[in-house]
Amino acid sequence: MRPGQAVSDAGAAALPERAASLARIDDYLTRHAPPTPCVVVDLATIRQRYMALRAALPQADIYYAVKANPAPAVLRTLAGLGTGVDVASSGEIDRCLALGIAARRCCFGNTIKHERDIRRAHAAGIGLFAFDCAAEVEKLARAAPGARVLCRLAVRGNGAEWPLTRKFGCSAATAPHLLAHAASLGLRPAGVSFHVGSQQTDPSQWAGAIGAAAGVFAACARAGVGLDLLDLGGGLPAQYRTPVPPLGAYAETILASVRQHFAGSAPALMIEPGRYLAGDAGLLRAQVLLIARHGGHEGRRWVYLDAGRYNGLAETQGERIHYPLRTRYDGAASEPVVLAGPTCDSTDIIYDRAGCALPLELAIGDSVDFLSAGAYTASYASVEFNGFAPIATHCFEAGE
Ligand SMILES: Cc1ncc(COP(=O)(O)O)c(C=O)c1O
């Protein structure tokens, strides 16, 4: 976002799909008036997103990344449509299994796991795990003997607004050795995974990653280790303030790269979307608690909300994710503000440098809506920082 540019953005609300979803969410808000702060999720949009992805990439088995929004209604909706789940912890596994999701439809994709959690997952029937180093392979061999395993590659992730580089993945040169090590310990090497970074705005990032994965497949084949599964990770974007390429551009790049690099022997594909499925389906409603000028009469206007970095808006850290904002005065005269959360912590600032402008008429008690806030909001909230409860999620079917 350019300095001085308003965050509040009627244009973003003009997307036809968003307008229809917002109309349903507004209907729900009018009829139920849930206390703020809250996240409201339109399950119809989640379903539409699933259908669009299914149609664009029919070759890929979809595993929803539970971390994006683990609300039971979201999980039930997606599992009912046939998705598997990408899970990060025992907590997510327990939640999915309790909802009746089959263990064979779960992929334990976190590369950093407690050995006891691997053992529990294996005992529950989960058979697919990810790793990116020898020590994790050895944990898996001890705690999940015979399991199928994916080796996660480190990829560049340029173009991601929420990058996932450095912390995860091994090089394409190391991966074949790790997969052979896994085989030697009795695990069953399945294939390769990667994540090109969340809110990835550049479809060509998949091309580089798929090319690197193909090199690992070829090296493994030469070493007598057969692989048959390519996990395309997450990264498909939601529509925040800055336009992103259409889904078709991502699907075309992915399929063309698979054709190019795996000529004649394409592996099975899986994809782990989180943000793409849940992000645009949700709205976070906050209320203005206080408006003050700091630094004297000439100072900046600070607007304090009942939601902030620690209860739902974690991804505004570093002002990375720019949610479109909505108030009932949109279009009226506005002024740049510092937008902040309710805790006694000076890091609890939502937008400062981003040049967030809000209407001058905005007053204490008014609502501020963060659009496209269905992913990585409620699931990211702290449990009780400053005694504020985790933000509530309300999922609804149209007309409820
Ligand atoms: C292993 C894994 N898969 C999938 C995802 C989902 O990514 P996204 O929400 O960008 O689709 C994540 C996100 O952190 C992840 O860590």
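A cavity is a set of grid points where a 1.4 Å probe fits but cannot get out, and its lining residues have an atom within 4 Å of a point. Keep that in mind for this structure, which is a predicted model.

The structure holds one cavity of 30 Å³ or more. About 50 Å³ of space lies in the largest cavity. Which residues line the largest cavity? They are Arg18, Ser21, Leu22, Ile25, Asp280, Gly282, Leu283, Leu371 and Ser372. Two elements give two or more residues to this lining: helix H2 (16–32) and strand S12 (282–294). H2 gives the most, with four residues. By class, the lining of the largest cavity has four nonpolar, three polar and two charged residues.

Now turn to the open space. The largest pocket holds about 700 Å³ of space. Its lining is made of 32 residues. Closest to the centre of the pocket are Lys67, Ala88, Leu164, Phe168 and Tyr376. The lining of the largest pocket divides into 13 nonpolar, 10 polar and nine charged residues.

What takes up the space of the largest pocket? The ligand does. Around the ligand stand 14 residues. Those that come nearest are His195, Ser198, Glu272, Arg275 and Tyr376. The shell around the ligand has its own make-up: five charged residues, five polar and four nonpolar.

Ser198 places a polar side-chain atom 2.5 Å from an oxygen atom of the ligand. For Tyr376, a polar side-chain atom also lies 2.5 Å from a ligand oxygen atom. Lys67 has a polar side-chain atom 3.4 Å from an oxygen atom of the ligand.

How much of the ligand does the protein bury? Taken alone, the ligand exposes 390 Å². The protein buries 91% of that.

Two residues tie these views together. Tyr376 is among the residues closest to the centre of the largest pocket, and Tyr376 is also one of those that come nearest to the ligand.

Notes
Residues numbered from 1 in each chain as written. Predicted model: local features only at pLDDT ≥ 70, side-chain atom pairs only at ≥ 80, totals over all residues. Heavy atoms only, no water. Near = heavy atom within 4 Å. Polar contact = N/O pair within 3.5 Å; in protein donor to acceptor, adjacent residues only side chain to side chain. Areas by Shrake-Rupley, 256 points an atom, 1.4 Å probe, with all protein chains shown as cover. 1 Å grid on protein atoms, 1.4 Å probe; cavity = no way out; pocket = protein on both sides within 12 Å on 5 of 7 lines; lining within 4 Å. Sits in = over half its atoms within 2 Å of the grid points. Nonpolar A, V, L, I, M, F, W, Y, C, P; charged D, E, K, R; others polar. Points joined across faces, edges and corners; volume = space filled by probe spheres on them.
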